[in-house]
Amino acid sequence: MVTRRGFIDGMSAAGAATLLGITPPAAATSLADATAADTELKARDAMRATNVGMRSSYAALKSALISRLSPVIVVQNDATGGRFTLIQQGSERESVSPVPELFELAKSISHVPQGIFSIIAAYLSDKVSPVPNADRIDPHDLDMVAFEGPRAEGWISPLRDYAATLGSARRQLGKADLPKELEISCGKILDEALTFIGDSVMNKTFDMASFEEFSGRTYPSIRMNMKFAAAAQISGVEGLMREWRLKIGEEAWKDLYTVVLSIWTTSELNQASIIIRRCMNPAKVATHLIDLPTVEVPRDPIFVALDNLARIVQDNVSAEMVFPTDPLVADAFKGKEDLLSVEILHQTGVTAGAPTASRPAGASGCPVREGKAWS
């Protein structure tokens, strides 16, 4: 039988006093609150510890797996068409830059308009000019880039220096032993660039319209250079893939992993990925060709590639074993989606695959202060 005394003994001092209509001392209340808070903190820390243990075991598995991944090709995109590294049994490595020099030369001259833009951009007007593609230029982006404004003349000296570099290339272009079509297109780009610089420096002014007129005139020649660069890269990369395929044999090649490192601006339809895709096992290319965008070029690209590949490979197996009853969530865990993405899409009322940006702010979308949507 539970007596009144036993019932009270089973309660906290503060709770018992409240039950009997007695106001507990402040110290007793604070002590009870502190005890409850401490108990809650310990319980939550115990919950967090389960995740710490998971992460420790996950990292150990990944570390062990890195040394077992094979065969793997790691691609580092660069100005020469890419550096390709074949890795077998975790430690056997061979690195090659297979793309002919024509690739680098054609792209170097094609980048001249971008080189000029990079010098003058800060000195543009921060207002979009009435140019044909004005509606495609974000006014805020332009305002961020044109931080010096057209009244400053800090662009003149560096533009003259760049003109000297371009002039040297133009004078020696005929000695570079290029295919005739490529030599002509490179010459056209350099001539137009030198004319634009000369006119701009002489008049001490330029604007968005004058630059676009110049760059528009160079575009047909840039397209020709792109044609030569693409052909050079295809021949170089496909040639190397054939060589390595023979080296490691068909049995190993069918399970080949390829990791292509790139920056965000070249991560979709990456040129190396397009070419290598044609050389891999079609049945596995969807899961074994990984485009890995990086914030910047990593100090140790091979480790970054293998570390990420190990995570992907173990997640491929883990997803199916941890979520055997829900293929949709398993696919999210295996792929690029965050694991909570499906549930978040569900709760926010967005259809999977639909552009979330199409939902207007304040209309069942992101909350807006005081009920005001963006104008």
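I looked up helix H4 (residues 101-110) and found Phe103, Ala106, Ile109 and Ser110 buried, buried being under 20% relative accessible area with a 1.4 Å probe on protein chains only. Seen down the axis of H4, these buried residues fall within an arc of 145°, so they line one face of the helix; the arc is taken from the directions from the helix axis to the C-beta atoms. Helices here are DSSP runs of H or I, at least four residues, numbered from the N terminus.

The model is predicted, with pLDDT of at least 70 needed for local features and 80 or more for side-chain atom pairs, while totals for chains, interfaces and linings use all residues. Residues are numbered from 1 along each chain as its sequence is written, and side-chain values use heavy atoms, without hydrogens and water.

Next I checked what H4 packs against. Its buried residues meet H5 (112-120), H8 (180-203), H9 (208-248) and H11 (271-277), contact being heavy atoms within 4.5 Å.

I then took H5 and H9. Their axes come within 10 Å and cross at roughly 160°, using lines fitted to C-alpha atoms over the stretch in contact, with angles from 0 to 180 degrees between N-to-C directions. That makes H5 roughly antiparallel to H9, the term for angles over 145 degrees. On the H5 side I noted Pro113, Ile116, Phe117 and Ile120, which meet Phe211, Phe214, Thr218 and Ile222 of H9.

Last, I searched the whole structure for disulfides (cysteine sulfur pairs within 2.5 Å) and found zero. Cysteine 186 is buried at 1% relative accessible area, and cysteine 279 also counts as buried, at 13%.

Conventions
Buried means under 20% relative accessible area, exposed over 50%, partly exposed in between (1.4 Å probe, protein chains only). Helices (H or I, at least four residues) and strands (E, at least two) are DSSP runs, numbered from the N terminus. Angles under 35 degrees count as roughly parallel, over 145 as roughly antiparallel, 65 to 115 as roughly perpendicular and the rest as oblique.
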